[in-house]
Amino acid sequence: MTAAPETVSLPRSPRRRRLPRPGRFEPVLWIAPALAVVVFVFGYSMVELVKTSLRYEAAWTFENFHVTWSDPTFRTALTHNGRLLLAVPVLVASALLVSVLLFEGLLGWRFHRWAVFLPFVLPIPVIGVIFGQLLQFNGLANQLLRAFGLDGLAQDWLGQPRWALWTMTGVIIWKELGFGVILFLARLLSVPADMFEAGRIDGARFFRLHRFITIPQLTNVILFYVVVEAITMVSWVFNYVYVMTNGQGGPGDATQVTELYIYQTAFQYQSPEIAAAAAVSLFGVTLVLIATFFRVQRRAGLAGDA
Amino acid sequence: MRARLGVVAVIACVAAVVLTGAGLAARAQSGAAKSSADKVNLTMWWWGEQEAAGAKAWLNETIKLYQQEHPNIAIKTVLQTTDGLIPAFKAAAAAKKGPDIQYFWGGIWSLDDAWAGNTKAISDYIPQSEVKHYLNAKEDTFDGKVWTAPWYVQPSFPVLYRKDVLAKAGVAVPTNWSQLLKSCDALNAKGITPLAGGIKDGWFGGWLYSIIGAQGITSISDVLDATTGKASFTDPKQAAWWSRLEELVQHKCWNNDINSLELYQGQQQWADGKAAMTVAAGSDVKKWVKQVGVARVGVMPMPKWGNGPYAGKLGSTSQTVGITAWTKYPQESANFIMFMHRPDRMASWFKTTGAFPADDRFNTNLITLPQQKVLFGLVTKGSPYLENFIPPELDAKAMFAQSQLLLGGNTTAAKAAAATEKTAKRIRLTQRKLIANFNKWSASYR
Amino acid sequence: MRRSLGRLWKHGLLLVVTVLALFPIYVMLTAAFKTQHDFLAHPWSPFFRPTLKGFDTALGDQFPIWFRNTLLLSGSAVACTLLLAALAGWGFARWSFRGRDLLLGVLVSLMVVPPVVLLVPLFVFGVDLGMISTFRLVILIYVGLMLPFSVYMLANFFRTIPPSMIEAAVIDGASSWRVFRLIVLPLSAAPLVTLAVVNLLWVWNELLIALVFLQDDSKKTLMVGITGFQSRYSLDVPVIMAGLTLATLPIVAVYVFGQRFFVRGLVSGALKGE
């Protein structure tokens with residue numbers, strides 16, 4: 001029996017000396033409090049949600065789902081979440097590029113790393129307000145563009161349905177990029193240096209080097225990041241839309257998303273049954289993501305620190 | 001190591017203590033309130049500082065005076081945000097806990113909660129001899145009862161114009177619709193924005209619907225019937241206003257950033273001299289006149305198109321206060337509301353905010369500002385304010401949304417009208433109780 | 001020559017990314033110290049006469065109350081989460097029982113549930129029990145939302161504690177509680193602090209739940225407050241920016257001084273055994 005690096009000597013237990021055998025229920029004791037909270041917050045909610053979605057005027061019915069799915073606004077909201085998902089590859093590619101650049105250790109890379117991660121720390125309401133000001137048609141961003149003679153690029157970023165959702169996507173990317181950069185960079189830093197040395201000695205320059213050596217190292221992390229960001233685009237964008245469009249969902253329906261739809265239906269239009277049906281639908285979609293996440297975790301767990 | 005462990009333990013303990021303390025304190029408070037039966041605590045949730053600058057100061061002053069006369073009554077006020085006013089109240093209504101007095105815009109905004117059983121009719125607690133003096137009480141009346149008490153009149157919504165800007169451009173003040181369109185062309189030629197507005201937060205859509213749309217109908221029941229399905233929003237009477245709005249867009253009457261500015265930000269552009277005209281709340285006229293200069297500002301209703309009974313008239317509605325259904329002190333709440341209508345209080349209200357008290361006993365000799373004189377004349381011969389007679393969901397999904405699209409050049413008048421009818425069709429399906437109430441309401445206007 | 005050119009585009013790209021990242025914050029900070037007039041005239045100029053008027057107005061509003069509420073909420077919620085997550089994490093790590101991996105997997109997967117989905121039923125529950133605008137309910141919900149990630153992180157970390165240390169203590173006659181208290185917790189100081197920081201960030205920035213469940217004016221949090229704040233002062237940009245700066249300052253301060261905890265905490269989710 002090897003001595004532990006830090007030997008901790010325990011005071012003798014006053015009870016008689018025996019090997020305590022954890023009963024079969026001991027782990028339950030430890031897990032129970034956390035489990036209770038989780039079961040209430042998630043379990044109770046889901047059960048009640050499904051119940052509400054299936055009732056209308058004291059009768060069990062599927063009508064709520066029919067009404068919800070026949071609402072063009074709801075379908076639009078779902079497609080918009082889908083369009084937000086299109087941002088994920090862009091996000092991943094950008095994060096890869098930036099993290100690789102940082103990894104090269106250029107002068108001032110630490111400052112760049114600090115700056116790139118700062119947006120991730122900022123609260124979304126704050127970001128939403130600032131960008132709301134910046135992106136007005138005659139706001140700062142366009143003023144800058146016009147000052148440089150790029151008048152054609154000065155669009156109504158938030159006010160035109162053509163741009164509104166892309167603008168929203170851009171703001172979300174702005175914030176979420178830092179997370180990916182940090183993830184990838186941390187992983188890269190833990191890879192033994194000789195892997196890259198071998199490639200450099202062989203004469204591989206930037207793109208070859210990274211394509212064939214760096215990126216394969218990052219596969220698991222990339223996968224993790226993709227899943228996390230996909231979940232964000234479906235389930236965690238309410239704050240952006242609410243703050244930047246004053247809770248309206250953009251010009252017309254241009255920035256309507258499922259979360260906002262549920263919120264409006266429940267709290268502004270007083271139709272909890274329809275909101276519940278929409279919520280159950282959204283949860284159904286995220287179940288797919290849950291299954292993917294599950295699998296990714298299993299893979300990462302089995303693969304270990306390769 | 002031990003220290004860090006201790007820190008964690010301490011944090012956990014502190015948290016536990018805080019939670020327990022908060023819980024105990026909450027229980028103690030409620031216990032205390034029950035024991036002293038004489039003390040009356042009223043809470044009032046309201047809105048209005050945003051459109052009647054000075055309202056907060058007046059309310060504080062009024063409460064102070066009231067508490068002096070009734071030392072056992074304490075009144076607390078909470079000023080809500082525009083986007084939060086209704087969700088906060090709906091949450092309180094669901095919990096059956098919250099304010100004793102609540103602020104409501106007139107018409108549907110009052111009746112919606114009356115129908116939901118969230119308010120007690122003020123006519124049950126304020127005698128008819130008093131209520132009959134309140135202006136625009138009709139739009140808050142249903143089933144023979146007046147549900148909320150008008151507080152101040154909201155001339156909805158005058159066009160404010162800058163005499164200096166128009167004069168410099170050599171453009172006359174437009175008095176009808178075709179002149180308005182011509183003046184847009186003339187002003188644009190001189191590089192001046194004709195009309196300033198902001199519709200990013202949606203509300204301006206409801207305003208435009210009301211001040212342009214009212215001119216096309218012959219009676220309020222037209223609008224109520226369109227909601228219930230007896231008529232349609234694609235009927236010429238209902239749909240004509242979209243064409244008028246489209247004309248404004250075609251003549252480039254609006255500021256080019258109308259879709260990225262909020263309501264009040266649009267008005268500020270006008271005050272900053274960047275546009276010749278804007279649309280503002282009547283209650284706010286004094287503030288804008290003071291900011292821009294008395295000699296420079298003129299006030300008029302939306303220029304006339306059409307020949308309906310409301311064409312060329314200014315909308316008139318009153319913002320109201322009501323008594324919540326769960327309050328323990330309905331009569332005390334009603335008494336405070338009546339106190340708000342005392343002659344000295346009304347005079348002080350007008351002096352502080354420049355908005356007209358919704359009371360025919362108001363001493364109109366106090367009106368000295370020329371723009372307010374004009375406004376008062378207009379509003380006493382006013383027309384109903386259309387936005388108060390459609391479901392809020394229709395307002396948001398159709399009037400707000402389609403106006404945003406139309407002003408951004410992304411839809412046409414015909415499509416907007418069709419979209420409105422489509423939304424209405426859906427509401428007729430999903431809000432059957434509301435539609436039933438609308439039918440009953442419409443009957444009272446025929 | 002080629003090498004420096006090659007480096008040039010890399011430097012350039014990083015510079016662009018950094019400027020894009022920092023520009024909005026720069027705008028916020030400079031605007032906060034300008035007068036309304038200065039801001040309208042020179043929105044992005046760094047040269048101006050600084051004034052504290054914006055901050056004055058912001059502080060005179062309800063910032064202190066919102067600040068206090070957010071502090072109270074974050075502190076309590078994070079403390080409870082850490083406690084429960086540590087206990088549960090140890091339960092998962094120490095003992096192997098049937099269905100353990102499945103249970104842990106399901107628990108962790110809950111991270112993907114959109115909070116808005118839970119909103120309506122929890123709101124109705126809160127209404128039925130008169131708990132709307134109480135901190136208790138919100139803390140409960142926050143703890144529930146933070147537990148999946150926290151349990152996952154701590155379970156992962158606890159698994160890396162050498163079993164030999166545990167065996168030694170057990171043979172010495174320690175009860176599992178003592179083992180936990182005297183061996184596991186001291187070793188976990190770093191991940192606990194990290195988790196505290198990450199969770200604190202999350203609660204601090206949370207908007208939707210605070211918006212729906214804390215409607216009372218006296219209970220509003222910082223995020224809810226500034227959302228309404230910006231609509232009330234929509235015409236006075238410096239005041240808005242001053243308010244935003246105040247709301248962001250604590251978090252940015254923590255980030256500047258505790259950067260590595262942030263990084264470590266977030267990275268641990270993806271890489272095992274940090």
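Two residues are in contact if their C-beta atoms, placed from the backbone, lie within 7 Å. In chain C, residues 24 or more positions apart account for 75% of the contacts with a separation of 6 or more.

A word on the source: this is a predicted model, in which local features need pLDDT of at least 70, side-chain atom pairs count only at pLDDT 80 or more, and totals for chains, interfaces and linings use all residues. Residues are numbered from 1 along each chain as its sequence is written, while chains are lettered from A and ligands numbered from 1 in the order in which they are written.

Chain C has 14 helices and zero strands (DSSP runs numbered from the N terminus: helices are H or I with at least four residues, strands E with at least two). Its C-alpha trace spans about 75 × 70 × 30 Å along the principal axes. Of its 274 residues, 54% are buried, meaning that 20 or more other C-beta atoms lie within 10 Å of a residue's own C-beta, placed from the backbone.

Now to the two helices. Their axes, lines fitted to C-alpha atoms over the stretch in contact, with angles from 0 to 180 degrees between N-to-C directions, come within 8 Å and cross at roughly 80 degrees. That makes helix 1 of chain A roughly perpendicular (65 to 115 degrees) to helix 6 of chain C.

| Helix | Residues | Contact residues include |
|---|---|---|
| Helix 1, chain A | 26-53 | V41(A), F42(A), S45(A) |
| Helix 6, chain C | 115-128 | V117(C), L118(C), P121(C) |

Technical notes
A residue is buried if 20 or more other C-beta atoms lie within 10 Å of its own, exposed if 12 or fewer, and partly exposed in between; C-beta atoms are placed from the backbone. Angles under 35 degrees count as roughly parallel, over 145 as roughly antiparallel, 65 to 115 as roughly perpendicular and the rest as oblique.
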